[in-house]
Amino acid sequence: MLLGSALLLASALLVGCSNELAQLGDSDLQDRVNECKRTQNPSPGQAISCENYQRECQRRRKEGRFVC
């Protein structure tokens with residue numbers, strides 16, 4: 001039950017974040033990715049955010065926008 005709730009919450013966060021990240025400017029996304037690279041021991045929440053930033057970078061790269 002707890003695992004199912006955690007997965008549901010994570011899925012909802014990913015969907016909500018993907019919309020927000022798509023509106024993030026290229027330089028802001030670059031800054032956030034660089035911050036993630038500098039962080040040696042991220043918290044679990046920060047690690048998820050960093051993964052989302054990387055996904056957004058990949059999405060933009062597929063569009064021909066080499067941001068990160």
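**Ground rules.** I worked from a predicted model, in which local features need pLDDT of at least 70 and side-chain atom pairs count only at pLDDT 80 or more, while totals for chains, interfaces and linings use all residues. I numbered residues from 1 along each chain as its sequence is written, and side-chain values use heavy atoms, with hydrogens and water left out.

**Disulfides.** I looked up how many disulfides the structure holds, a disulfide being a pair of cysteine sulfur atoms within 2.5 Å. The structure holds two. With the bonded cysteines of the protein chain numbered in sequence order, the pairing is 1-2, 3-4.

**Cys 36 and Cys 50.** I found these two joined at an S to S distance of 2.0 Å. The pair links distant parts of the chain, with Cys 36 in helix α2 and Cys 50 in helix α3, 14 residues apart. I take helices (H or I, at least four residues) and strands (E, at least two) as DSSP runs, numbered from the N terminus. The angle about the S-S bond is -90°, and the link of Cys 36 and Cys 50 is left-handed. I then checked accessibility, where buried means under 20% relative accessible area, exposed over 50%, and partly exposed in between (1.4 Å probe, protein chains only). Cys 36 is buried at 16%, and Cys 50 is buried at 13%.

**Cys 57 and Cys 68.** I found an S to S distance of 1.9 Å for this disulfide. Cys 57 is in helix α3 and Cys 68 in the segment after α3, so the bond ties together parts 11 residues apart in sequence. The link of Cys 57 and Cys 68 is left-handed, with -60° about the S-S bond. Cys 57 is buried, with a relative accessible area of 1%, whereas Cys 68 is partly exposed at 33%. I also listed contacts (heavy atoms within 4.5 Å). Leaving aside neighbours within four places in sequence, Cys 57 is in contact with Leu 29, Val 33 and Cys 68.

**Nonpolar core.** I use the term for a set of buried Ala, Val, Leu, Ile, Met, Phe, Trp, Tyr and Cys residues joined through side-chain atoms within 4.5 Å. The largest such core has nine residues: Leu 21, Leu 24, Leu 29, Val 33, Cys 36, Cys 50, Tyr 53, Cys 57 and Val 67. Helices α2 (26-38) and α3 (44-62) each supply at least two residues of this core.

**Helix α2.** Which residues of α2 are buried? They are Leu 29, Val 33 and Cys 36. Seen down the axis of α2, these buried residues fall within an arc of 55° (taken from the directions from the helix axis to the C-beta atoms), so they line one face of the helix. The buried residues of α2 pack against α3.

**Arg 59.** I placed Arg 59 in helix α3, and at 31% relative accessibility Arg 59 is partly exposed. I looked for polar contacts, meaning pairs of N or O atoms within 3.5 Å; within protein, one must be able to donate a hydrogen and the other to accept it, and residues adjacent in sequence count only if both atoms are side-chain atoms. The side chain of Arg 59 makes such a contact with that of Glu 56 at 2.5 Å and with that of Glu 63 at 2.6 Å. Arg 59 and Ala 22 are 37 residues apart in sequence and 9.1 Å apart in space, C-alpha to C-alpha.
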